[in-house]
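Thanks, everyone; please have the viewer open while I go through a few places in this model.

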Amino acid sequence: MNYLTLEHITKNYGDKKLFEDITLHIDKGQKIALVAKNGSGKSTLLKVLMGEESSEREDKKVILHKDVTVGMLAQDPNFNPSDTVIDTVFDSDNTILQAIKDYESAMILGKQGDELQKVLNNMDDLKAWDFEVKIKEILSRFNINDLYQEVGTMSGGQQKRLALAKVLIEDPSFLILDEPTNHLDVDMIEWLEQYLSQPNITVFMITHDRYFLDRVCNVIYELEDGNLYKYKGNYSYFLEKKAARREVESATMDKNKKLLGRELEWIRRQPKARGTKAKSRVDAFHDLKDKTSGAKKDSDFKLEFKSERLGKKIVECHNVSKYYGEFTALEKFSYKFKKKERVGIVGPNGVGKSTFVKLITQEIKPDTGKVVVGDTIHFGHYHQEGMQLNEDLRVIDVIRDIAEEIPLGNGTKLSPAAFLEKFLFNRKQQQVYVSKLSGGEKRRLYLLTVLVTNPNFLILDEPTNDLDIVTLNILEEFLIDFPGCLVIISHDRYFLDKLTEHLFVLEGEGKIKDWNGNYKEYRLWKRDQTSNERLKDNSSSKEQKEKPRDSAPKMTYAQRKEINKLEKEINKLEQQKEEISKKFNEPDITPEKIKSYSIQLNEISESIEEKEMRWMELAELS
């Protein structure tokens, strides 16, 4: 079933071409991602999908199936600041959502008698109990627990999580998500991966999270130079096919350059006045010149800044503690950073990651202990709330105000203009005012204001938010060769795995675990630990069950409904597991299919395990 069709879609802003005559089809069950450089028109294309922007061609087609409901997550949610969380979440015409809102309010207000019975009857009539369980799970997954908190008192990240929760709770048939993983911690991202991977969910998203792309998406569209390229596969497949496309383009480019040389020689011989045949050949020459000048140079971008020499003493933390009232951000932490150290800092939102790096840079003082910084250390600190660019300056002037020349590691120097080109700001974009840049372009420019100072101790606090994949690749190439110390706070697992060698895992209550390895290795270890703890808990529960008890907790109506639902879901997953296992016996099975089946089998097995654990928890209540 086709959900949405776009045909002959063209959009320009002034003389800037965003996209031209593109076509896009979205069918039920597809998980589609749109990737492109910042400023290429990704968000504009989403607005065209939603009918908020129109195409400039008269023969355009934007057809949404009449039975399809659409849920949109924008980059910057717009809520009434005086509304509470419960008002925001249940602000919908959906009768089931209204019934659940009435039920939640009745529970919180402690209603009794006929008033409560009326609410319960309405929940029964609408069969809303399963939906109520789902809503609570979604809100808890995104750490939204206070239903009566005013939205205006929430941070920007909390509001983005609230917006995502609201879209999922409304349960539309078609989801359009703009950077859904921004402001989520890794546990939230991994839960969202599983949620969106359900076969009945159709999604079109913009995201730079490459693990997320690889595990969720089955179609990737790339918007490049106004054209839309389609790849039927995940992120790994996209990389393979894009590389192949680049090779074809490179061969074509070499041929075009030879043709261009011959045409250039011909055109220089022509007199001023040209006939019709000559004019057509001149036009063809200019077309060929445009094609040739469009050669891709992504692989040529490399940043090699010169950093100050590191002395023997880097940064030392001696029994450092930091408290905010009853909240403990850090307690008795000691560590000595070494030369060229590459550390990732991970942990749930709100556990104190940003506080930790501000203690290192001495932006804030510890309550106990001390931080000693070596004399040669020059910090570069990219942090989430630090983007304060002068909107009235041109891009080139932002860099010129910091440095007229940028020294490189090989002894040469770059001008601000050449430096900006290395980070995908061409000469034309350098003359644009900061106020005209997209959100991702502003973040890219802010990152350059940090790098251009040539730090030898670089701290990046969520640097990947709103940066496109091309920019991330360039940044990663630079950071791989960065000669100083590197500390990264990020929810981007791909970014962490590629760049860090060990982790500081903030576990809460001021505790930090020093993990020797990358993030993927840590998550595997953590998963094993969780499984072992569950087995111990189940064993303990069985022993307790064998002992006589005076009274046992009774299962609620909602819990009975949940356990019935779990049994159905487990049976269905077992059937899917059996069907996929049989596919391994296919005579014409390819390595690609083996990989795909293995991933599916692993995901289903994990889902079965989780549901069985939950079933056992509920069964203990019966």
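Is T23 buried, exposed or partly exposed? T23 is partly exposed, because its relative accessible area is 36%, where buried means under 20%, exposed over 50% and partly exposed in between, with a 1.4 Å probe and protein chains only. Before going on, this is a predicted model, in which local features need pLDDT of at least 70 and side-chain atom pairs count only at pLDDT 80 or more, while totals for chains, interfaces and linings use all residues. Residues are numbered from 1 along each chain as its sequence is written, and side-chain values use heavy atoms, with hydrogens and water left out.

T23 lies in strand β2, residues 16-27, strands being DSSP runs of E with at least two residues and helices runs of H or I with at least four, numbered from the N terminus. Not counting residues up to four places away in sequence, T23 touches L6, E7, H8, Y221 and L228, contact meaning heavy atoms within 4.5 Å. L6 is 17 residues from T23 in sequence, yet their C-alpha atoms are 5.3 Å apart.

As for M205, its contacts beyond four places in sequence include I32, P180 and F212.
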